[in-house]
Amino acid sequence: MKLTDDDKRKLEGEYGTVIAHAMRFLADLGEAFDAEEMIDLDFAHVYTIEDYRIPGHDKTLLAEALEENVKCVIPATAWISGFEMDENIYRKISIDDEKREKIQARIEVSRRLGITCINTCAPYIMCDQSTPSFGAHIASIESSAVSYFNSALGIRCNRDGISALFGAFTGRYPNFGMHLDENRKGRHLFKIEAELKNTADYSAAGYHIGEICGLDVPVVANMPRPSTEEMQGFCSALAVSGAVSLAHIVGVTPEAPTEQAAFQGGKPERTYHITNNDLDSVYEKYNSPSDKVDFICLGCPHMSIHDIRKYSELLKGKKVRSNVTVWLMSSVQNIYLAKQEGYIDILEQAGVTVLTTCPINNPGIPGPNHTSINKDYSIGNFATNSMKLLYYSRNSFRPKKTFFGSTEQCIQAAVSGTWEC
Amino acid sequence: MPKKIILKGKAIIKGKASGYALVSHEPVSFLGMVNIETGTFDYPGHELENEHIKDRIIVYPHGRGSSGDSFRMLHLSMTNNAPAGILFDEPEPIHVQGAMLLNIPTLTHFSKNICDIVNNGDFITIDNDTVEIIKTQS
């Protein structure tokens, strides 16, 4: 791989052990994907991994980074899952003082490394200057954010892991995958013939298309322009059943004003017609017949400020049934704004908890103990409008029954205590 | 004499390893399919349900799902459940990074579809870019 003199200096340890290791990792990653060069990154959304050590070292990578005074050289954000703005929420989600101290310590470390803790899985809906623009090269964790960055915004991003943190430390990234024009070319055509009525429908369509595509780039035609929440549902599901980084939605994706543009003048390898039957098959697999509901979770991925407002309107003057737990999830920034706008008050009066925690990755789910500690634990009957959350709920919640449906169905079930098919 | 097959691939992570194959014909997501604490596939009805990952050579088309899978793969070594090696049909960046964090021999880009050649329980020896498969069933 072609490296600049500065890349070589980083690799050879002139900037310290951590930067050398980061550069080595990025170079090795590039070799695995036959990258020819490194490129500059504009932004990174990272995971500050606590327990990783450079092979053979006693101290953690982060401890060494602090010692060597490593600072991110590009704008970088992170999500420390488990952090809540409202002290009372920690009790509700069974996060004890010890766990809180660990969360706070990770936040402090991240800040010292020059990372802003935006605490969200949806960094793309931050309404500040950190989100780069069309054509930018970024590195990001969060499979759902990767597919959203590429598909909704035309921002170039691979499915990253620790490479996002190393990209933030070095400002560099191997030029492979979604960063290259030729890999952004559409492969298969999906004609939407199904009626997409709500977020769950978009999410089911994404799940179905992701399963067919695997690593390939789909081009989606005839899709009604999705709302932010619908787009989040679609993109996140693509990266659950599959490993899709980019879906060209004709008329929505910046690089796909036309089908022809999405295929870069080429032809689809295969054409699929997505019908109501395809969506029904997803619903049939994951939906149960009408029954009582115990836990409802919305906002996977984290919802926008507009959706918090929408939910506050849907729940205004209503009351969640006493034995039902309802969570809405969003970013620190959105929740802060929603408080100011009065949306949080309305939701809390209705009996809803609004939080930033990811219920998949966090032990603080309602109930006595996390599943991995207590094998008999079950959340009870669980409902959501997100295929991503539904699919992954099995490990974390051990739901007895799952319900998958529209936002309105979820809200109705919250109030009545019963899921109606 | 058990049948022996030798294949060449691209070594993403060079090294030597051997172990019994654990083959998933569908792309793998550790989140949702695998209990990291026990190192066991626990998705009901999956072809690998109740199979342990520890010391096996995992063979699958490619990774899918959450970006956290790369860290979950590292976590497998912390719970003493790490596989011995990985064979992919196609490299997917998150699972490639997981393999890099585990630092276990990992190959991809074989001349044939690896999931169709290896059966669960075949004995596999990896030597850099060469894979030797000893078939346990004919």
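1. Domain bounds, as used here, come from an automatic or database domain assignment. For chain A that assignment gives three stretches: domain 1 (5-180), domain 2 (185-284) and domain 3 (287-419). Keep in mind that this is a predicted model.

2. How far apart are the C-alpha centres of domain 2 of chain A and domain 3 of chain A? They lie 26 Å apart. Across this boundary, 16 residues of domain 2 of chain A are in contact with 15 residues of domain 3 of chain A.

3. Which elements of chain A give two or more residues to the domain 2 side of that boundary? They are α8 (199-213), α9 and α11 (276-286). The largest share comes from α9(A), with seven residues. By class, the domain 2 side has six nonpolar, eight polar and two charged residues.

4. Next, the sheet. Five strands of chain A form an open sheet, and the order is β14-β13-β12-β15-β16. The pairing is parallel. β14 (353-355) and β16 (401-404) of chain A stand at the edges. Each has a single partner strand, so one side of each is left without a neighbour in the sheet. On average, neighbouring strands are turned by 20 degrees against each other, direction ignored.

5. One strand pair in detail. β12 (residues 295-303) and β13 (residues 325-330) of chain A pair in the parallel sense, over five bridges. Met303(A) stands opposite Ser330(A) in β13(A).

6. Now the helix packing. Two packed helices are described by the angle between their axes and the distance between the axes. For α9(A) and α15(A), the axes come within 8 Å and cross at roughly 35 degrees. From α9(A), the contact uses Ser236(A), Ala237(A) and Val240(A). From α15(A), it uses Met387(A), Lys388(A) and Tyr391(A). By class, this contact has four nonpolar, one polar and one charged residues.

7. Last, the chain contact. How many residues of chain A are in contact with chain B? There are 33 of them, and they meet 28 residues of chain B. On the chain A side, α2 (17-32), α7 (162-170), α9 (228-241) and α15 (387-397) each supply at least two residues. By class, this side of chain A has 16 nonpolar, 11 polar and six charged residues.

8. One helix to revisit is α9 of chain A. It supplies at least two residues to the side that touches chain B. α9(A) also gives seven residues to the side of domain 2 that touches domain 3 of chain A.

Note on methods. Residues are numbered from 1 along each chain as its sequence is written. Chains are lettered from A and ligands numbered from 1 in the order in which they are written. This is a predicted model: local features need pLDDT of at least 70, side-chain atom pairs count only at pLDDT 80 or more; totals for chains, interfaces and linings use all residues. Two residues are in contact if their C-beta atoms, placed from the backbone, lie within 7 Å. Helices (H or I, at least four residues) and strands (E, at least two) are DSSP runs, numbered from the N terminus. Ala, Val, Leu, Ile, Met, Phe, Trp, Tyr, Cys and Pro count as nonpolar, Asp, Glu, Lys and Arg as charged, and the others, Gly among them, as polar. Two strands pair if DSSP finds at least two bridges between them. Axes are lines fitted to C-alpha atoms, for helices over the stretch in contact, and angles run from 0 to 180 degrees between N-to-C directions.
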